[in-house]
Amino acid sequence: MVGTATPAARTGRPARTSPKGGWIAARALFGALVGVSLVAGIAGGLWRLGVAVPDPLAFAWAGQVLLVHGALMICGFLGTVIGIERAAAVNQRWAFVAPLASGTAALCLVLGHRAAGAWLGVAAALSFLAVNALVVWRQRAAHTLLLAVGAGAWVVGSLLFALGQGGDAVFPWWFAFLVMTIAAERLEMTRLMRRWPAASATLPAVLSLLLAGAAWSGTAPRAGGLVYGVALALLAVWLVVFDVARRTVSTHGVSRYMAVCLLGGYAWLGIAGAAWAAAALGWPTRDIALHALGLGFVIGMVMGHAPVMLPAIARIKLRFGAFFYLPLAALHLSLFVRLVLGSFSEPLRAAGASLNAVAIAFFAVTVAGAAVAWRIQHGAEGARKAR
Amino acid sequence: MSSLCQRAPEADPAPAAAPFPYLGPQQLQGPLAAALSRVVDPEVSMSIVDVGLVYGVTVDAARVHVRLTMTSAACPVIELIMDEAEAELDKVVPPELQIRLELVWEPPWSPDRMSPGAKRFMGW
């Protein structure tokens, strides 16, 4: 640092060296909402497969949590995380209404107020759509438009959920929200690479197919599911061919780690597409379809981006190291046990699901350890400034 | 962020004196370019100068004015990159000068702005 002035003092930009009480409280509130959604969502998923840790009978709202496992994971956990990420990007206070609503909706669902939670979820998705409209207004580009369409898919899925529709109608829309969000962000990155002219045109076509599949799934589950599965598989091919991850995997450090997470996720996306189509044709592959997509693809992306997003959003600096690959390997291994070995044995499927939860917890511990390691390396003063 | 990132080995290790429009004292040109080149986009392991996010730097008697863009308005690391740029500039800008970082969206970023090394790395 030159002289005694801080960068903020010299630039007039808001100082981040001394976080105010409101900022700390907001961070704690969002952290709690995300944490409750994740823990309750995982517990509901495990209880479904008969894994009684902790004993669901000891928990008053176990039945509710069981029913809304998907809503808690997709809207409560991922919707809130993505909402915070987008609000941080637009840097507007009102944009945090979306993640606040989705997190509160998850809390309502956990506490058994299903209708309130479902309609609050609709409000969250609508608020998120408004945030994305602002993004499009600031930058009219293919990837920002796709982000907005993805937000629209979240609105449709949440409306169907609030109106009492089942998983066959709701999940394709909710997953379309996640898949389109990730695809749009990857499309933006592919602009750095030399691409075939067809690349930009084919992605909207594949995603249109995905939306068509989601729409048909409500009225014609067989045809809709088949189309949806084919679209997922085609998207996996598109991402493998055009994503910058094929280049950045040859770099070092966190960039390579992110690329490894991305490429692994694309493999699970392809598997999810095949399984989704097979399930529509009557094969017993529904668990593979949902969890190769939700865990292998989406949580894989979360693990990949956390070392960069957490410092950006939560102002928590992390010391990156090769140890980040351990929970990632655990996730892939646990998915192999659950989705491949579990196809032949129900106990193995349940064991795989437990290992999925362990892998996610392992990742959380890894992130916490990386934050502590950064503080030790840079000292308390550096950590204070980083906030 | 610097603790997280390492540059792509194929990218240019040091950019030219100022691979962006520069208006100001000659002696600050190199240090300012070097400072901005130390700010890395972690996703692609390249500096913001190599990616072409620096639209221009103007230095007058009172301040250093840096115009930056991002590849996406939906990018949550915008603030992080701005903070990092601010910190790196603070190391080289004389104490009597103010630093002004301006985030701009016009003209929109395009791959044409990437450095030759960055383009080579990305297969252009």
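Which residues in H8(A) meet which residues in H9(A)? Before the answer, a word on the model itself. This is a predicted model, in which local features need pLDDT of at least 70 and side-chain atom pairs count only at pLDDT 80 or more, while totals for chains, interfaces and linings use all residues. Residues are numbered from 1 along each chain as its sequence is written, and chains are lettered from A and ligands numbered from 1 in the order in which they are written.

**Chain A**

Chain A holds 15 helices and zero strands; helices (H or I, at least four residues) and strands (E, at least two) are DSSP runs, numbered from the N terminus. Of its 387 residues, 54% count as buried, where buried stands for 20 or more other C-beta atoms within 10 Å of a residue's own, exposed for 12 or fewer, and partly exposed for values in between, with C-beta atoms placed from the backbone. Among the contacts in chain A with a separation of 6 or more, 68% join residues 24 or more positions apart; a contact puts two C-beta atoms, placed from the backbone, within 7 Å.

Back to the opening question. From H8(A), A:Asp168, A:Ala169, A:Pro172, A:Trp173, A:Ala176, A:Val179, A:Met180, A:Ala183, A:Leu187 and A:Thr190 meet A:Ala199, A:Leu203, A:Leu207, A:Leu210, A:Leu211, A:Gly213, A:Ala214, A:Ser217 and A:Gly218 of H9(A). These residues divide into 14 nonpolar, four polar and one charged; Ala, Val, Leu, Ile, Met, Phe, Trp, Tyr, Cys and Pro count as nonpolar, Asp, Glu, Lys and Arg as charged, and the others, Gly among them, as polar. The axes of H8(A) and H9 (residues 198-219) of chain A come within 8 Å and cross at roughly 170 degrees. Axes here are lines fitted to C-alpha atoms, for helices over the stretch in contact, with angles from 0 to 180 degrees between N-to-C directions. The two helices are therefore roughly antiparallel to each other, a label for angles over 145 degrees.

Elsewhere, A:Ala361 is found in helix H15 (residues 346-386) of chain A. A:Ala361 is partly exposed because 15 other C-beta atoms lie within 10 Å.

**Chain B**

Strands S4 (residues 54-59) and S5 (residues 63-68) of chain B pair in the antiparallel sense over five bridges, and B:Thr58 has B:His65 in S5(B) as its bridge partner.

H3(B) is mostly covered, with 11 of its 15 residues buried, among them B:Ile78 and B:Leu89. In H1(B), the buried residues include B:Leu32 and B:Leu36, and the buried residues of this helix pack against S3 (46-47), H2 (48-51), S4 and H3 of chain B.

The table sets out the two helix lengths; the expected span is 1.5 Å times one less than the number of residues.

| Helix | Residues | End-to-end C-alpha distance | Expected span |
|---|---|---|---|
| H1(B) | 12 residues | 18 Å | 16 Å |

**Where the chains meet**

The contact takes 45 residues from chain A and 40 residues from chain B. On the side of chain A that touches chain B, H13(A) gives the largest share, six residues. By class, that side has 22 nonpolar, 11 polar and 12 charged residues.

Note on methods. Pairing = 2+ DSSP bridges. Parallel < 35°, antiparallel > 145°, perpendicular 65-115°, else oblique.
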